[in-house]
Amino acid sequence: MSVTGSASAGRPGSRAVVPVSVLVADRWWAPLGGLALVGAVFFTMPIWMPALGFLSVEDGVTVTLYTMLALGMVLVLGYCGQLMLATNALFGVGAYGLAILALHQGLNPWAGMAVSAVAAGAGAALIGVMVFRLTGHLLGLVTLAIGYIAFIVFETSPLTGGASGIGVGPSLSIGGAVFSGGENSFFYVCTVAALISLVVARNLVVSRTGRALRAVEANEAAAASAGVNATHYKVVAFVTGAIIASVAGSLYANYVGVVGASSFTILVTVEVLLMAVVGGLRSIWGAPFGVLGVVVFQAALQTYGPDVVHINSSYFTTIGFGVVLILVLLLLPGGLASIGDGLARMIASWSPEANAANRRISTESHAVALQAALGEPSTGAVAGVSAVAPVAPGITSDVEGEADPDPPCLLEAVGVTCRFEGLTALDGASLELQAGEVVGLIGPNGAGKTTFFNCLSGHVQPSSGVVRLGGTDVTGMAPYRIARHGLARTFQNIELFPDMSVLENVMVGAHLSAHAGALSAIFRLPGHWRDERVLAQRAEHALERVGMERYAARAAGTLPYGQQRRVEIARALAAQPHVLLLDEPAAGLSASEAQELVELVRALASESLGIVMVEHNMRALMDVADRVTVLDSGRQLLTALPDEVRKDETVIASYLGTSHLDLSRASVRGAGARPEGATSVPEEGA
């Protein structure tokens, strides 16, 4: 774990060990290979599908439209981890919206499609705000009920034509070109819409918004500590998927001519879920091939199945679907996309250049590489990122670098109490933290240390007491809001995003340093690129401080425990907080690494950062702490200087052990020698 000054990351000519895969991750040409492959398969479907003998262009239209529906499922379930089962409702809104607007309002079909998409997006936002308070199977059941209610409305409402359905009106057209169902020209319209949807989804997930989505899916508590508003990003994913699904519904309505409720049953949602799983829930590019595979398999079963096994074709198809799902889950948990990933790794392994890059590449920083990719001049520094660590509110510095004689109070906790169903985990604990100060928090297991951290960071709402950050009352605030006030933390049990790279993990930590939203990411506006450079440089700087820059491209979950601990610290530092809560940061570190941690903490404190540190490694804690607060059974025993804590008989008896009480008394008597049977203070842990 290296300790470097704050200015090191921003100097021109600064070098960082960054693998090639990271450098090219966000270049504009990165998705062209996948888009070209999907486009080649889709645009040639009118040729090769009829040649198979059991498929037609109509099946090609189904593939394109269901690809759009599957993308919505991938965004919400795959990247955000939310089981939303109302796809049929969103699909139906687009179809009925187009038909109703054309029939009753006389709108142009393109305008009807746009209005329906906006309505679907607004409805999804409203539903998302309400239902995303739920998780897991409860969320799935509620959204499944929404899908069922929508089907009942479609089937019974006079506005939708009831069971008889409703006519759509004029076909889509551009100038003199008319795109109607049954013609290849309409198939190509659907194909273009599917490819645009792929680009939209891909751009969203490979961005600041996408990292937030993946962080929420992996560990919502850790994401919130980085300032990620989980509900907001869940809604963003749902709204994006809803708009895509609505457009697919409008295209479907224009294709069939008459919209009926039988096309929007719950079975649609089940089929889309199956297609997304087959393609790979965590793969944008896997979705079209999952849809294609299921459609081809279904058509083959319906055509040839009854001749092979004498079972009613509808039942045979259902059985076949079940078999496919079981086989995919058992043999390819990552879906068809995992095959593509494996092939890509195999091809990469054949390249000597790639092997050399994977071993170690010394190149310019990620930010400079992105500037070069965009054709921008490389300055070695990124606009908007200061080479000097941020100064806490109210702190002034002079030319001589003298300390503020009266440093401001960054964090103040007064009488914080926390009860869980009658159990008092924390009872009236208080703490005060000044800028540039390190406060240690010690106590036996179960003393309430982590509960105190959770109350300070917003993960647990205290039963009573007050928590202030920079003079602002943040008691009971959500963790992401507290993070915006300048507090970052690590966790007792490491809470990384294991499937994300080390660099991406730390870029999530810097989430609040950028502001580009979903639209900027989707359309690749200048704000997106600017923010990516800012986040990349801050992440690299943080990784350099903990000596982990060479592992930037590694998946965080593949690192040893001690290195994962460093990455977690780097993620907290990337937020450039004013208050840093470290929960057992030396756990899993060797003696030399623990000493490097002490040096890092000292360096951070010298930059006016306030640090509260829970640690069982007493040598490390006592070496760095300015004051130490002791908890026992949720109660605060005392707050004092480290030397005073070492000698306090109450602390020794409750935490360090009675043998240390004998040792302390012997020291006071001036015995000069350790009493027989006494042991040393647990310098390496308690």
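The following questions and answers set several such terms against their definitions.

Q: What makes this model one in which local features need a pLDDT of at least 70?
A: The model is predicted, and local features therefore need to reach that value.

Q: Why is L331 called exposed?
A: The relative accessibility of L331 is 64%. Exposed means over 50% relative accessible area, so L331 counts as exposed. L331 is placed in helix 14, which covers residues 313-331.

Q: What makes the nonpolar surface patch that includes L331?
A: The patch is made by I319, V323, I326, L327, L330 and L331, and its area is about 610 Å². Nonpolar side chains are joined in a patch within 5 Å, provided that the residues have over 30% relative accessible area and no salt bridge. L331, at 64%, is over that cut-off.

Q: How do you know that strand 7 and strand 8 pair?
A: Two strands pair if DSSP finds at least two bridges between them. Strand 7 (residues 409-420) and strand 8 (residues 423-434) have eight bridges in the antiparallel sense, and therefore they count as paired. Within this pairing, E412 stands opposite E432 of strand 8. The two strands form a hairpin with two residues between them, and E421 in the turn has a positive phi of about 50 degrees.

Q: What share of the 686 residues in the chain is buried?
A: Buried means under 20% relative accessible area, and buried residues make up 52% of the chain.

Technical notes: Residues are numbered from 1 along each chain as its sequence is written. This is a predicted model: local features need pLDDT of at least 70, side-chain atom pairs count only at pLDDT 80 or more; totals for chains, interfaces and linings use all residues. Side-chain values use heavy atoms; hydrogens and water are left out. Helices (H or I, at least four residues) and strands (E, at least two) are DSSP runs, numbered from the N terminus. Patches are made of residues with over 30% relative accessible area and no salt bridge: like charges are joined within 9 Å, nonpolar side chains (Val, Leu, Ile, Met, Phe, Trp, Tyr) within 5 Å. Accessible areas come from the Shrake-Rupley method with a 1.4 Å probe; for residues, only the protein chains shown count as cover. A salt bridge is a side-chain nitrogen of Lys or Arg within 4 Å of a carboxyl oxygen of Asp or Glu. Buried means under 20% relative accessible area, exposed over 50%, partly exposed in between (1.4 Å probe, protein chains only).
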